Amino acid sequence: ALGESSAAGSAVVVEDDVTHFNGRTDASNFAGDPVVQALDYLVRNKSAFQLADPQAELFLERVELDDNDPTGRHVFFGQRARDNLRVEQAGIAVHLAENTVNSVTSRLRTPIPELEPAILTAWQAEQIALEAFDPLG
């Protein structure tokens, strides 16, 4: 199951608002699926990333192959706030090779401030935009 064991021996470096977690952690419980391996690592280490529920707070952006290592994968997650709103320029990348998490690069925003409810409905906003649009101007 996701999150059953804990990683150890990781070094943490914060540089220019980016947090780097370096250390080798076994991810072979879910061999063959880098997304599940990465998510499992984040679930097991959620407190290190100040995440309450990684599966709810993150979404998969992309998976990239490593040009220098045929077993290497880079799994990129974006961050989301309540109501599935994307947090711009916030996310986390888990770097894997040979069923091992080698490092994590994080640019998560924590805590995410609560947003005020919208003043306008989507329909009202659309009407204002249509009124402001002058096709002849």
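What follows is a conversation about the terms used for this structure.

Mentor: Happy to! This is a predicted model, so local features need pLDDT of at least 70 and side-chain atom pairs count only at pLDDT 80 or more, while totals for chains, interfaces and linings use all residues. Residues are numbered from 1 along each chain as its sequence is written, and side-chain values use heavy atoms, with hydrogens and water left out.

Trainee: What makes up the secondary structure of the protein chain?

Mentor: Three helices and six strands, in the order β-β-α-α-β-β-β-β-α along the sequence. Helices (H or I, at least four residues) and strands (E, at least two) are DSSP runs, numbered from the N terminus.

Trainee: Why is Asp 40 called buried?

Mentor: Buried means under 20% relative accessible area, exposed over 50%, and partly exposed in between (1.4 Å probe, protein chains only). Asp 40 has a relative accessible area of 3%, so Asp 40 is buried. Arg 44, at 12%, is therefore buried too. Both are listed among the buried residues of helix 1, where nine of the 11 residues are buried. Across the 137 residues of the protein chain, 32% count as buried.

Trainee: How do you know that Arg 44 and Asp 40 form a salt bridge?

Mentor: A salt bridge is a side-chain nitrogen of Lys or Arg within 4 Å of a carboxyl oxygen of Asp or Glu. For Arg 44 and Asp 40 the N to O distance is 2.9 Å, and their side chains meet in a salt bridge. They are four residues apart in helix 1, so about one helical turn separates them.

Trainee: And why can such side chains pair at all?

Mentor: Side chains of opposite charge can pair when their charged atoms come close.

Trainee: How many salt bridges does the whole structure have?

Mentor: A search finds five. Arg 62 meets Glu 61 at 3.8 Å, N to O, and Arg 62 also meets Glu 64 at 2.7 Å, N to O. Salt bridges that share partners join Glu 61, Arg 62, Glu 64, Arg 86 and Glu 88 into one network.

Trainee: Is Arg 62 buried, exposed or partly exposed?

Mentor: Its relative accessibility is 36%, so Arg 62 counts as partly exposed. Glu 61, at 32%, therefore counts as partly exposed as well.

Trainee: What makes a group of residues a nonpolar core?

Mentor: The members are buried Ala, Val, Leu, Ile, Met, Phe, Trp, Tyr and Cys residues joined through side-chain atoms within 4.5 Å. The largest one here has 16 residues, and Leu 42, Phe 49, Leu 58, Phe 77, Ile 92, Val 94 and Val 104 touch the most other members. Helix 1 (34-44), strand 4 (73-80), strand 5 (86-97) and strand 6 (100-107) each give two or more residues to this core. The largest share, five residues, comes from helix 1.

Trainee: Which residues are in contact with Phe 77?

Mentor: Contact means heavy atoms within 4.5 Å. Leaving aside neighbours within four places in sequence, the contacts of Phe 77 include Val 35, Leu 42, Leu 58, Gly 91 and Val 94.

Trainee: Why is Ile 119 called exposed?

Mentor: Ile 119 has 83% relative accessibility, so Ile 119 counts as exposed. Ile 119 lies in the loop between strand 6 and helix 3 (122-132).
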